[in-house]
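Here are some notes to read alongside the model, written as numbered points. Please keep the picture open and find each place as it is named.

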Amino acid sequence: MERLFKDLEILTEADKEACEVMRVSEEGKKAHARKLYIESYGCQMNFADSEIVTSILQEQGFDTTADFAKADIILLNTCAIRDNAEQKVRNRLKHLTTVKKNKPETIIGVLGCMAERLKAKLLEEEKIVDMVVGPDAYRDLPSLIAEVDSGQKAVNVFLSREETYADITPIRLHTNGVTAFISIMRGCDNMCSFCVVPFTRGRERSRDYMSIVAEARDLFNRGYREVTLLGQNVDSYKWQAPSHEIEGIKNEVVTFAKLLEKIAQIHPDLRVRFSTSHPKDITDEVLHTMAAYDNICKYIHLPAQSGNTRVLELMNRTYSRDWYLNRVEVIRRILGQECGISTDMIAGFCTETETEHQDTLSLMEAVQYDFAYMFAYSERPNTPAAKKLKDDVAETVKKRRLSEIISLQQRLSLERNKQDLGKVHRVLIEGFSKKSEEYLFGRNTANKVVVFPKKQYQKGDYVDVLVTDCTAATLLGEGIEKISNIS
Ligand code: SAH
Ligand code: SF4
Ligand code: F3S
């Protein structure tokens with residue numbers, strides 16, 4: 001399961017959800033504590049939130065378990081992005097019915113985006129659920145659990161304009177000890193017409209700059225060598241510094257470029273990544289900051305969603321095809337051909353014609369993406385698209401367009417990987433390869449997975465690897481030199 005998400009280069013909707021599903025808590029060691037089992041679905045933000053939830057409940061004396069049968073409380077941290085993400089949770093709840101039958105005192109809670117979308121309705125629809133908790137209400141978990149302990153059902157789905165959990169130190173649940181995620185903002189104000197996130201995660205807000213720097217520094221001091229700064233739209237990070245000086249700044253508004261630079265300055269051996277960049281917001285200043293620091297990885301996840309301007313307008317993405325292509329040109333100019341670029345694509349959005357679908361394919365060819373996450377459009381209730389547009393592309397057509405997008409990306413990924421053959425790539429080792437303990441894996445700056453023989457190398461090392469072979473998903477090579485410092 002570990003890093004499976006990153007190991008797959010081409011992800012279809014089914015693949016993506018299959019590997020995102022079920023990050024479960026690990027076995028704790030306290031003998032008499034109440035046991036918490038938490039299972040996370042959806043995006044990295046949700047995984048990061050589960051670490052916050054675990055931290056809050058450990059403060060209350062809970063210990064984690066990896067076995068739901070042993071749990072006193074079972075939490076599902078859910079995703080609502082597409083219908084099948086929700087169906088997966090519904091099936092999981094059915095499965096948990098037996099647990100509840102055998103041990104009726106087990107508390108079952110639904111957290112996250114599906115909880116926020118369905119609110120108290122979820123209690124009516126899924127009888128075994130005791131507690132429904134939205135993404136901004138996790139501090140309230142202890143009292144919600146107390147309510148359930150006293151025999152009631154409990155709901156808190158209030159969305160906040162301020163909550164960022166800045167002061168809570170996450171309990172790293174699935175750590176390889178080398179790479180970690182740091183949430184730098186929450187919510188989204190963009191209102192892409194297809195998307196449920198603004199409704200499930202609320203208004204966009206940026207987390208306190210100092211707490212982010214402190215978290216990254218602490219991770220580095222504990223041996224971590226890579227942090228990924230997370231937000232739905234990291235380029236709109238904005239934080240007002242106070243009038244007295246802290247961390248070398250005062251009065252100014254801290255932008256994402258400034259934050260990125262500050263994190264990069266913690267130590268040259270700490271790699272910095274970030275996700276996601278909205279094409280309308282990524283600034284040249286961010287690109288120049290990336291270019292100026294060797295330890296800021298040259299990889300940008302820049303979701304296009306479609307290659308056709310009319311469809312982009314309907315999606316309310318606020319950029320055109322030409323504008324997007326121009327951003328890619330600027331990225332290539334400032335960061336070079338080696339910079340990895342990936343996208344998200346939606347096949348069969350409302351009213352999309354065959355020619356417009358071809359525009360998506362031709363945009364992909366033009367950009368030469370390294371990776372892509374690809375989905376068939378799934379209408380989400382109450383989103384602007386659901387209210388105003390017709391979900392009129394037949395399911396079979398969506399699926400066919402999606403498979404054309406996937407096959408094209410397969411070819412593009414292979415072509416891009418072939419360009420890496422015969423070159424030396426600096427890799428941060430994250431662990432053993434999935435297939436054999438004789439091999440290690442890590443990623444290069446462009447976020448490509450590189451697999452190579454173990455030899456004397458270890459997790460957490462930087463190694464220069466000569467790439468000798470590749471598939472569409474992975475680069476294969478041979479370590480040639482261990483590097484103590486990446487700069
Ligand atoms: N904030 C990120 C995306 C977060 S959601 C961004 O703006 O790029 C991750 C991806 O899920 C989206 O990029 C989109 O491709 C996909 N997605 C979102 N809503 C969808 C829907 N209703 N149907 C299909 N795919 C969807
Ligand atoms: Fe959804 Fe658009 Fe916000 Fe991304 S930017 S989370 S796609 S509304
Ligand atoms: Fe899913 Fe919520 Fe993330 S809808 S993709 S878990 S923000």
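Predicted model: local features only at pLDDT ≥ 70, side-chain atom pairs only at ≥ 80, totals over all residues.

1. Helices (H or I, at least four residues) and strands (E, at least two) are DSSP runs, numbered from the N terminus. Residues are numbered from 1 along each chain as its sequence is written, chains are lettered from A and ligands numbered from 1 in the order in which they are written, and side-chain values use heavy atoms, with hydrogens and water left out.

2. Most residues other than glycine have a negative phi, and most peptide bonds are trans. Glu-247, however, has a phi near 50°, a positive value in a residue other than glycine, and Thr-351, which is not a glycine either, has a positive phi of about 65°. Thr-351 sits in the loop between strand 17 and helix 14 (354-367). Ser-275 and Thr-276 are joined by a cis peptide bond with omega of about 10°, and Thr-276 lies in the loop between strand 15 and helix 11.

3. Are Glu-247 and Thr-351 buried, partly exposed or exposed? Buried means under 20% relative accessible area, exposed means over 50%, and partly exposed lies in between (1.4 Å probe, protein chains only). Glu-247 is partly exposed because its relative accessible area is 24%, and Thr-351, with 25%, is partly exposed as well.

4. In soluble globular proteins, nonpolar side chains tend to be buried together. A nonpolar core is a set of buried Ala, Val, Leu, Ile, Met, Phe, Trp, Tyr and Cys residues joined through side-chain atoms within 4.5 Å. The largest such core here has 76 residues, and those with the most contacts inside it are Ile-184, Leu-229, Tyr-237, Phe-256, Leu-259 and Ile-263. Helix 9 (residues 209-221) gives the most to this core, with seven residues. There is also a second, separate core of 23 residues, which includes Leu-36, Val-53, Tyr-138 and Leu-173.

5. Helix 10 (residues 256-264) is mostly covered, since seven of its nine residues are buried; among them are Phe-256, Leu-259 and Ile-263. The cover over its buried residues includes helix 9, strand 12 (226-230), strand 14 (253-255), strand 15 (271-275) and helix 11 (284-292). Contact means heavy atoms within 4.5 Å, and, leaving aside neighbours within four places in sequence, Ile-263 is in contact with Ile-212, Val-213, Ala-216, Val-227, Leu-229, Leu-270 and Val-272.

6. A residue is near a molecule if one of its heavy atoms lies within 4 Å of it. Of the 15 residues around ligand 1, Gln-232, Pro-303, Gln-305, Asp-344 and Ser-378 come nearest. A polar contact is a pair of N or O atoms within 3.5 Å; within protein, one must be able to donate a hydrogen and the other to accept it, and residues adjacent in sequence count only if both atoms are side-chain atoms. An oxygen atom of ligand 1 is 2.5 Å from an N or O atom in the side chain of Asp-344, and an oxygen atom of the ligand is 2.7 Å from such an atom in the side chain of Gln-305. Strand 17 (340-347) and strand 18 (371-376) are the elements that give two or more residues to the shell around ligand 1.

7. Which residues surround ligand 3? They are Cys-43, Asn-46, Cys-79, Ala-80, Ile-81, Cys-113, Arg-201 and Gln-232. The residues around ligand 2 include Cys-188, Cys-192, Cys-195, Gln-232, His-278 and Arg-317.

8. Asn-308 lies in the loop between strand 16 (299-301) and helix 12 (309-314), and it counts as buried because its relative accessibility is 9%. The side chain of Asn-308 reaches the backbone nitrogen of Val-311 at 3.0 Å.
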